[in-house]
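This briefing is for a reader who has not seen the structure before. Please look through the sequence and the model first, then read the points below.

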2 protein chains.
Amino acid sequence: MNLLILTADDRLEKDRYRVADHRAKHIRSVLKLAPGDRLEVGLLNGPLGTAVVESTSPDGVTIHTENLTTPVELFPVIDLICALPRPQTLKKVLSISAMMGVRRIFLVRANRVEKSYFQSPLLHPANYQRRLIDGLSQGKLTRLPDLSIHDRFRTFFEDTLPAAVAAEEQSDRVGPIMLLPDQAASATLTDCWKSVAGSPPLIVVAIGPEGGWVPFEIELMERLGFQRFKLGRFVLRVETAVTAVLAQLELLCAHDS
Amino acid sequence: MNLLILTADDRLEKDRYRVADHRAKHIRSVLKLAPGDRLEVGLLNGPLGTAVVESTSPDGVTIHTENLTTPVELFPVIDLICALPRPQTLKKVLSISAMMGVRRIFLVRANRVEKSYFQSPLLHPANYQRRLIDGLSQGKLTRLPDLSIHDRFRTFFEDTLPAAVAAEEQSDRVGPIMLLPDQAASATLTDCWKSVAGSPPLIVVAIGPEGGWVPFEIELMERLGFQRFKLGRFVLRVETAVTAVLAQLELLCAHDS
């Protein structure tokens, strides 16, 4: 836990907060903080700052925040489309996405997605939010990614996604860039990047299921403007591919800003 | 399993091989292959090719290879130094390293490494090789990374590493590049890359423990030629940092070759 994430529910009054769950245990047992010690905190969907431990007990930890004012701005916005993976993989994808600053996560049906995955308890908001907050806490970010679940492939790509992208578009900027990692492609992410004039305000990345998208799915996505590119010379697991594409984007964005 | 990795122990005669462990189960239960079906195979530390299933039974699967001749060459060579992480994290680091083509893995002691980690059964060759082979099987690579364990930080960096690097050096090429991801750095990997004339034949990357290297360690590594750089705007877990740096290197190498 690199950052203690606080929510409105934790607030006692003004700048005093109390946590009594796994976060309190972490502060006492792992960080071993005592009254008077400082730690880094962030308000969920809000700013970063520091806090001072007021009291600790087996029942919980009370802190007061000092300067909870540093905004967390991530630009450009990265939206991740992910063919719904099996629950063990989804846990990792959620954590990595939050840790690396993804703004929206769209979990979609695809030909190679098992229907049973849509029944996973992990898709209940209380369960996936816990994973996302853990990721924010690791990455030292505060914006909770929006997560939505789409059980129709075609409806998602033809209707839902264009509407979601349009809602983000600002007429005075370049359009979004939509990316499709594909081992069979010859272009790299750098090549796709060069095709855009200036840093795009919105980047959409679509990660396929284990076994990959089927040809029909790739054709439909390409028709809708997705650009295929090769992540590397190896075939990656879903969660490793998510990390790899976000890391490559981070490198390219750092040199555009 | 994207690639069935075969070893000399699996060989019956000439181009006939028999597997009877989890690989056989995977071929029968997951891939659901029957006699006459083809699959991609690779010889450990050898070439890639295809094979035809000859027979399957609950006792094992017999195949014959057809064209086991495609060499797997990864250039430049990437060596990974990793402060020995806790066993659960090490499992992931081993799998990712093999999957993404790391050639040598040096597991080293650091100030923030718990001594008990050196007692993990995972450090027995039979145990870690299984993880590495799983990674190769995922990444469709065949070269088993060399793994070594170093329980003295200073001896490793001052004596062992320079000797290991020197053994790789070719006088007609540019020297190795040694990299140290550090959230406090301002340079990116692209900046470090530009400081090298041409693609380096050897890239050494040092990933710190959870909590990071201590200042003494960073100073020693910088004195020995390591360049600090920032992976991104977020703080990553060890295994995520390994993936991120390998993915960024992959992008840069693709445009140098």
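Strand S10 of chain B is covered on both faces: B:Ile177, B:Leu179 and B:Pro181 on one side, and B:Met178 and B:Leu180 on the other, are all buried. Here a residue is buried if 20 or more other C-beta atoms lie within 10 Å of its own, exposed if 12 or fewer, and partly exposed in between, with C-beta atoms placed from the backbone. The model is predicted, so local features need pLDDT of at least 70 and side-chain atom pairs count only at pLDDT 80 or more, while totals for chains, interfaces and linings use all residues. Residues are numbered from 1 along each chain as its sequence is written, and chains are lettered from A and ligands numbered from 1 in the order in which they are written.

**The sheet of chain B**

- In chain B, 6 strands form an open sheet with parallel pairing, in the order S9-S8-S7-S11-S10-S12. Helices (H or I, at least four residues) and strands (E, at least two) are DSSP runs, numbered from the N terminus, and two strands pair if DSSP finds at least two bridges between them.
- Strand S9 (146-150) and strand S12 (227-229) of chain B stand at the edges with a single partner strand each, so one side of each has no neighbour in the sheet.
- From one strand of this sheet to the next, the twist averages 20°. Angles run from 0 to 180 degrees between N-to-C directions, and axes are lines fitted to C-alpha atoms, for helices over the stretch in contact.
- Strand S10 (residues 177-181) of chain B has 5 of its 5 residues buried.
- S10(B) pairs in the parallel sense with strand S11 (residues 202-207) of chain B over 3 bridges, and B:Ile177 stands opposite B:Ile203 in S11(B).
- S10(B) also pairs in the parallel sense with S12(B) over 3 bridges, where the bridge partner of B:Pro181 is B:Phe229.
- Strand S7 (residues 77-83) and strand S8 (residues 104-108) of chain B form a parallel pair over 5 bridges, with B:Ile81 opposite B:Phe106 in S8(B).

**The sheet of chain A**

- Chain A has an open sheet of 6 strands in the order S9-S8-S7-S11-S10-S12, and the pairing is parallel.
- Its edge strands are S9 and strand S12 (227-229) of chain A, each of which pairs on one side only.
- Strand S11 (residues 202-207) of chain A is largely enclosed by the rest of the structure, because 6 of its 6 residues are buried.
- A:Leu202, A:Val204 and A:Ala206 lie on one side of S11(A), and A:Ile203, A:Val205 and A:Ile207 on the other; all are buried. In a regular strand the side chains alternate between the two faces of the sheet.
- Strand S7 (residues 77-83) of chain A pairs with S11(A) in the parallel sense over 6 bridges, and A:Val77 has A:Leu202 as its bridge partner.
- Strand S10 (residues 177-181) of chain A pairs with S11(A) in the parallel sense over 3 bridges; A:Met178 stands opposite A:Val204, and A:Leu179 has A:Val205 as its bridge partner.
- Helix H7 of chain A lies across S7, S10 and S11 of that chain, running at about 155° to S11(A).

**The nonpolar core**

- The largest nonpolar core has 134 residues, and those with the most contacts inside it are A:Leu179, A:Val205, B:Leu179 and B:Val205. Such a core is a set of buried Ala, Val, Leu, Ile, Met, Phe, Trp, Tyr and Cys residues joined through C-beta atoms within 7 Å.
- Apart from neighbours within four places in sequence, B:Val205 is in contact with B:Ile78, B:Leu80, B:Ile81, B:Leu179 and B:Val245. Two residues are in contact if their C-beta atoms, placed from the backbone, lie within 7 Å.

**How the two chains meet**

- The contact takes 28 residues from chain A and 28 residues from chain B.
- H7(A) gives the most to the side of chain A that touches chain B, with 8 residues.
- Of the residues on that side, 13 are nonpolar, 11 polar and 4 charged. Ala, Val, Leu, Ile, Met, Phe, Trp, Tyr, Cys and Pro count as nonpolar, Asp, Glu, Lys and Arg as charged, and the others, Gly among them, as polar.
- The copies meet through the same surface, because 100% of the interface residues of chain A are also interface residues in chain B.
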